[in-house]
Amino acid sequence: MYLEFAETLRRCREELDQFEIGVLAEFFNVPKRNFHQVGVGGPIIFHQAGLTLPVSYLLRGTIFWPKGKQIVRGYPRVLPSSDYAQERFAATEERRMIGVIRDSEAVIENKIDGTNVRVYQHKGELFYATTDVYDGGSPLVGTGIDNVRALGIDYGAQAGRLLHAFYPQAEKLAALGYVMVFEMALPERETAVPAHRADLILLDVIDPDYVFVDRMEKERIAEDYGLRVTPLHGRLQGKSDALSFHKQIRGLEHVATSEDLAGYILKARADEGDQILRKIEPSQIRDWAPEFSQSDLTAVFETVVEDMGESVKADAVFLEEVMLDYLGYRKRNVRWQVQDFLEKVLVPEEKTVVSTA
């Protein structure tokens with residue numbers, strides 16, 4: 001399933017008679033509680049929420065529309081070098097990438113610091129999905145902005161405004177069944193590398209068969225549809241051992257520091273397999289974490305409970321993981337902020353259940 005995930009999604013669409021949470025959970029062999037459905041008959045969204053199963057990284061943010069049985073592929077969680085991330089998925093992914101570099105190559109793209117937004121079409125309407133929301137409209141989270149429900153950033157509306165202002169031809173590509181993955185840079189958002197202007201930068205394109213297109217095809221699509229693609233820094237190839245690979249990664253960290261960049265993303269593909277992703281960040285970027293206000297945390301907490309149901313409060317560990325997903329950060333400092341918040345808002349009987357996910 002790991003490298004043929006696009007084929008797995010095609011089988012899901014073809015073999016399942018209908019998209020329901022229980023049926024999807026059984027097909028992918030993941031817990032039902034990691035899905036939530038928006039209203040009756042609305043889209044079903046998968047949240048990784050702390051799961052470390054390999055498929056959970058690839059399913060992250062995937063949207064299943066029951067009407068028309070449309071699947072909008074999610075954007076996999078991009079982990080750093082396994083020196084910095086001890087999860088098994090990180091080490092396994094890194095080992096596969098080293099093999100690809102030995103036999104072929106990996107491209108090095110600039111890492112953009114912003115909000116991940118997927119633009120797609122469903123039933124003739126454009127949607128702007130963040131990692132955990134199918135339309136970008138909720139939750140309204142604006143780091144450093146008080147009273148977030150009144151003054152927060154509506155990511156879907158912002159992305160739509162930028163797309164129509166700067167990239168009007170993108171709607172034609174979406175109408176063909178392609179999903180565009182952008183990083184949305186916003187000056188009003190607190191990020192490690194501040195944005196100078198609002199923009200959408202194309203990170204990836206997913207074709208109608210759920211496959212990430214390669215760099216050459218992405219550049220062609222960007223040219224044809226007037227999109228701004230993330231810059232290509234270079235390529236890695238011909239190194240066959242882990243020591244050489246990690247030396248190159250450390251070198252790229254220093255380059256990113258000297259050029260005041262958020263880092264780089266390595267992208268590789270084994271034969272016709274799925275895209276393998278890896279991020280390289282300077283130490284100051286790895287160490288940086290935003291400070292969320294109490295209103296930010298309250299808004300996310302209320303949104304999670306609204307989406308997942310009151311029962312989510314019975315498992316403080318699972319609730320913590322879902323909140324981190326919605327906030328878009330899993331750094332130690334942010335986790336501590338969420339833990340402190342939950343200590344205050346959950347009554348004692350709501351803290352007793354320990355997650356087994």
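This is a predicted model: local features need pLDDT of at least 70, side-chain atom pairs count only at pLDDT 80 or more; totals for chains, interfaces and linings use all residues.
## Aromatic contacts

The search of the whole structure finds 16 aromatic pairs. One of them joins Y57 and F89, whose rings are stacked, with a centre-to-centre distance of 4.0 Å and an angle of 10 degrees between the planes. Y57 is itself buried, at 0% relative accessibility.

What geometry do the rings of F301 and F341 adopt? Their centres are 5.8 Å apart and their planes stand at 65 degrees, so the pair is classed as edge-to-face. Here too distant parts of the chain are linked, because F301 sits in helix α11 (residues 294-308) and F341 in helix α13 (residues 332-345), 40 residues apart. Both partners are buried, F301 having a relative accessible area of 13% and F341 a relative accessible area of 3%.

Elsewhere, ring pairs join F5, F19, F27, F28, F35, F46 and F64 into a cluster. Rings also face charged groups: the charged end of R286 sits over the ring of Y84 at 3.8 Å from the ring centre, and that of R197 sits over the ring of F166 at 6.0 Å from the centre.

## Salt bridges

Side chains of opposite charge can pair when their charged atoms come close. Across the whole structure, 28 salt bridges are found. In one of them, D83 pairs with R250, and the closest N and O atoms lie 2.4 Å apart. Because D83 lies in the loop between β4 (70-72) and α4 (88-103), whereas R250 lies in helix α9 (residues 242-258), this contact ties together parts that are 167 residues apart in sequence.

A further salt bridge brings together the side chains of E281 and K111, at 3.3 Å from N to O. E281 is placed in the loop between β12 (275-280) and α10 (283-287), and K111 in the loop between β5 (106-110) and β6 (115-122), so the pair ties together parts that are 170 residues apart in sequence.

How far apart in helix α8 (residues 215-224) are R220 and D224? They are 4 residues apart, which means that about one helical turn separates them, and their side chains meet in a salt bridge of 2.5 Å, N to O.

| Residue | Relative accessible area | Class |
|---|---|---|
| D83 | 43% | partly exposed |
| R250 | 21% | partly exposed |
| E281 | 9% | buried |
| K111 | 15% | buried |
| R220 | 39% | partly exposed |
| D224 | 39% | partly exposed |

The classes follow from a cut-off: buried means under 20% relative accessible area, so R250, at 21%, counts as partly exposed, and K111, at 15%, counts as buried.

Beyond these individual pairs, a network of salt bridges links E109, D204, R215, K218, E219 and K267.

Is strand β6 largely enclosed or left open by the rest of the structure? Of its 8 residues, 7 are buried, so the strand is largely enclosed by the rest of the structure.

β6 is joined by 5 bridges to strand β8 (residues 179-185), and the two run antiparallel; R118 stands opposite V181 of β8 in this arrangement. Another 5 bridges join β6 to strand β7 (residues 125-129), again in an antiparallel sense, with Q121 standing opposite L126 of β7. β6 and β7 form a hairpin in which 2 residues lie between the strands, and K123, in the turn, has a positive phi of about 55 degrees.

Definitions and conventions: Residues are numbered from 1 along each chain as its sequence is written. Side-chain values use heavy atoms; hydrogens and water are left out. A salt bridge is a side-chain nitrogen of Lys or Arg within 4 Å of a carboxyl oxygen of Asp or Glu. Buried means under 20% relative accessible area, exposed over 50%, partly exposed in between (1.4 Å probe, protein chains only). Rings of Phe, Tyr and Trp (its six-membered ring) pair if their centres lie within 6.5 Å; planes under 30 degrees apart count as stacked, over 60 as edge-to-face and the rest as tilted. A charge sits over a ring if NZ of Lys or CZ of Arg is within 6 Å of the ring centre and within 35 degrees of the ring normal. Two strands pair if DSSP finds at least two bridges between them.
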